[in-house]
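Visitor: I am new to this structure and would like to learn how its features are read. Could you take me through a few of them, one at a time?

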Amino acid sequence: MQGNFWKKLKRPIMVLAPMLGVTDAAFRRMLLKYGRPDVFWTEFVSVDGLFSRGRKNLLPYLKFLPAEHPIVAQIFGADPDLFEKAAAMIKDLGFDGIDINMGCPDRDVVKQGAGAALIENYGLAKQIIRATKGGAGKLPVSVKTRIGSSENQTTEWLKILLKEDFAALTVHFRAKDEAFGVPAHWKSVKKIIKLRDRFAPETLVFGNGDVESLTQARHLAKKTGLDGIMIGRAVLENPWFFSQRLPDVRERLDSIIEHTEVFEKVGNPKNFGSLKKYFKRYATGFSGAKDLRDCLMKTKSTNEVRKIVQSFRKTETYIILDSSSVRV
């Protein structure tokens, strides 16, 4: 699907946020079954790592199924030359788009001059966008960022970005140094839309931050004039988010086993323990769920997970206790 696929999508566009340790191949494959977003995103990948000895360890993060189209690969770093080379590689791998991370506030990322550090380095940010576009060819380039190092920086920072004329901009409505405990600043939307309309009318703009349901996402898009919404944590909390379905207990139990088997099948480079954050989401809202979670958190293999879930099925009379645990 090479070319600007964004123009072919019906608005509002609902997209999956790139989340380190979450949006891996196994999780995305499960979303194909539970309810898919309009656009998939990978976890972010270091451009430095892609051209180092650790390359073979990072390439699995860029594997995807044909059914996942359209899918965007997100990359981060601080070297424009490596962004250009990475963009060419991603194009050759068959992705539909390339996204530049200019918003991650993680200390180790910022130390490299990457992620949210670029909010304070306008010159390098522009070089990286231009280099990525050069390597991408006809593949659309997008940027994900924050409102600035502070709210006061929003206009200046986003004006710099929008003048670079790329396909889509996602804005997480928190400042660089604000954690999730601070409510997202959705009041900034109108200002950002005005900037887009003035400097880059063809660029799509997505909002991100504290969206808890698909109904809320659609309402926000309609109310603000955004082209779409990017959802992250709410999808991790509820893998059925995009389908607006309330899964029954049997489906939740099946999903624990299936996700574990898929994780093993795709040759995931992560350790088995990374699965356990999903177990907490699947095993919730029914009687005996806490005991089941406690057992699952001690597992070290797919066989152990399978045996525990199958045993639970035989010994528990389970009912849904809390339907509010799955937001729609």
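This is a predicted model: local features need pLDDT of at least 70, side-chain atom pairs count only at pLDDT 80 or more; totals for chains, interfaces and linings use all residues.

Visitor: How is a pair of aromatic rings described, and what are the distance and angle for Phe173 and Trp186?

Guide: A pair of aromatic rings is described by the distance of the centres and the angle of the planes. Planes under 30 degrees apart count as stacked, over 60 as edge-to-face and the rest as tilted. The centres of the Phe173 and Trp186 rings are 4.7 Å apart and their planes stand at 50 degrees, so this pair is tilted. Phe173 and Trp186 are 13 residues apart, and both lie in the loop between strand S6 (168-172) and helix H8 (189-199), where helices (H or I, at least four residues) and strands (E, at least two) are DSSP runs numbered from the N terminus.

Visitor: Are Phe173 and Trp186 buried or exposed?

Guide: Buried means under 20% relative accessible area, exposed over 50% and partly exposed in between, with a 1.4 Å probe and protein chains only; Phe173 and Trp186 are both buried. Elsewhere, ring pairs join Phe5, Trp6, Trp41 and Phe206 into a cluster.

Visitor: How do I read the packing of two helices, and at what angle do H13 and H14 pack?

Guide: Two packed helices are described by the angle between their axes and the distance between the axes. Axes are lines fitted to C-alpha atoms, for helices over the stretch in contact, and angles run from 0 to 180 degrees between N-to-C directions. Helix H13 (residues 289-296) packs against helix H14 (residues 302-315) at about 160 degrees, with the axes 10 Å apart. That makes H13 roughly antiparallel to H14, since angles under 35 degrees count as roughly parallel, over 145 as roughly antiparallel, 65 to 115 as roughly perpendicular and the rest as oblique.

Visitor: Which residues make the contact between H13 and H14?

Guide: With contact meaning heavy atoms within 4.5 Å, Leu292, Cys295 and Leu296 of H13 meet Val305, Ile308, Val309 and Phe312 of H14. By class, this contact of H13 with H14 has seven nonpolar, no polar and no charged residues; Ala, Val, Leu, Ile, Met, Phe, Trp, Tyr, Cys and Pro count as nonpolar, Asp, Glu, Lys and Arg as charged, and the others, Gly among them, as polar.

Visitor: Where do the axes of H11 and H14 stand relative to each other?

Guide: The axes of helix H11 (residues 249-265) and H14 come within 9 Å and cross at roughly 170 degrees, which means that H11 is roughly antiparallel to H14. The contact includes Leu253 and Ile257 of H11 and Val305 and Arg306 of H14, and by class the contact of H11 with H14 has six nonpolar, two polar and six charged residues.

Visitor: What should I look for in the backbone itself?

Guide: Most residues other than glycine have a negative phi, and most peptide bonds are trans. The peptide bond from Arg11 to Pro12 is cis, with omega near 0 degrees, and the bond from His69 to Pro70 is cis, with omega near -5 degrees. Asp165, in the loop between H7 and S6, has a positive phi of about 55 degrees although it is not a glycine, and Asp165 is exposed, with a relative accessible area of 51%.

Key
Residues are numbered from 1 along each chain as its sequence is written. Side-chain values use heavy atoms; hydrogens and water are left out. Rings of Phe, Tyr and Trp (its six-membered ring) pair if their centres lie within 6.5 Å; planes under 30 degrees apart count as stacked, over 60 as edge-to-face and the rest as tilted.
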